[in-house]
Amino acid sequence: MTAKSISTSDRVLRKEIIGSRRFSNYLLVVIVNLGGIGFLLASLSSYLKVNFLPFADPTQLIFLPQGLVMGFYGVAALLLSLYLWLTILWNVGAGYNEFNKDTGKVHIFRWGFPGKNRKIDISYPLEDVQSIRVEVKEGLNPKRAMYMRTKGRNPLPLSRVGQPIPLSELENEGAELARFLGVPLEGL
């Protein structure tokens, strides 16, 4: 699911955005971790001539260049898995979109990477919102996203990054938001 709709009243619409703490990311980091450990153990086995892997015999590999390259791949995979674990820990991309008719503000919040820009916090007046645009691109690298067009600014993405959102869900969310804000829905 893209976002949970939490409506505190008929005057406030709040959508929670899922960040990097998704099942697919956990699965990916475990696979990369196991692969990296396997390559590193194969490299050590070829160097020390002691078998550290129960399912293969890498002691038959010549350390230069095969064992060394496997060690390089293992270290690279472990560094990548460290990056992925930290991204999950920091929950990069998580946040919410809040549309509040009481305060007259649109509030977009996301968590980023640590540093001075860790919190991405943007507010706009509701009257600056011109339309909600849905973008659908099919093919090898599909893209399904929802944007908010505002006066004098570039379109602001409202949907999560990652897996493409199901088309029916994107249409429903876009229509619900456009109806709530009283603006047109573009792109369908």
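A crossing of two helices is left-handed if the near helix is turned anticlockwise from the far one by less than a right angle, and right-handed if clockwise. I worked on a predicted model, in which local features need pLDDT of at least 70, side-chain atom pairs count only at pLDDT 80 or more, and totals for chains, interfaces and linings use all residues. Residues are numbered from 1 along each chain as its sequence is written, and side-chain values use heavy atoms, with hydrogens and water left out.

**Helix pair**

I looked up how α1 and α2 cross and found the crossing left-handed. Helices here (H or I, at least four residues) and strands (E, at least two) are DSSP runs, numbered from the N terminus. Helix α1 covers residues 23–48 and helix α2 residues 63–90; they pack at about 155°, with axes 7 Å apart. Axes are lines fitted to C-alpha atoms, for helices over the stretch in contact, and angles run from 0 to 180 degrees between N-to-C directions. I therefore noted α1 and α2 as roughly antiparallel (over 145 degrees; under 35 is roughly parallel, 65 to 115 roughly perpendicular, the rest oblique). The residues of their contact divide into 20 nonpolar, 9 polar and no charged (nonpolar: Ala, Val, Leu, Ile, Met, Phe, Trp, Tyr, Cys and Pro; charged: Asp, Glu, Lys and Arg; polar: the others, Gly among them).

**Backbone**

Most residues other than glycine have a negative phi, and most peptide bonds are trans. Leucine 64 and proline 65 are joined by a cis peptide bond, with omega about 5°; proline 65 is in helix α2. Lysine 49, in the loop between α1 and α2, has a positive phi near 60°. Asparagine 91, in the loop between α2 and β3, has a positive phi of about 55°.

**Salt bridges**

I found 9 salt bridges in the structure (a side-chain nitrogen of Lys or Arg within 4 Å of a carboxyl oxygen of Asp or Glu). One of them joins arginine 11 to aspartate 102, the closest N and O atoms being 2.9 Å apart. The two residues are 91 apart in the chain: arginine 11 is in the loop between β1 (3–9) and β2 (12–17), aspartate 102 in the loop between β3 (95–100) and β4.

**Pocket lining**

I then looked at which strands line the largest pocket. β4 (105–111), β5 (119–125), β7 (143–150) and β8 (156–157) each supply at least two residues of the lining. β7 gives the most, with 4 residues. I recorded the lining as 15 nonpolar, 8 polar and 6 charged residues.
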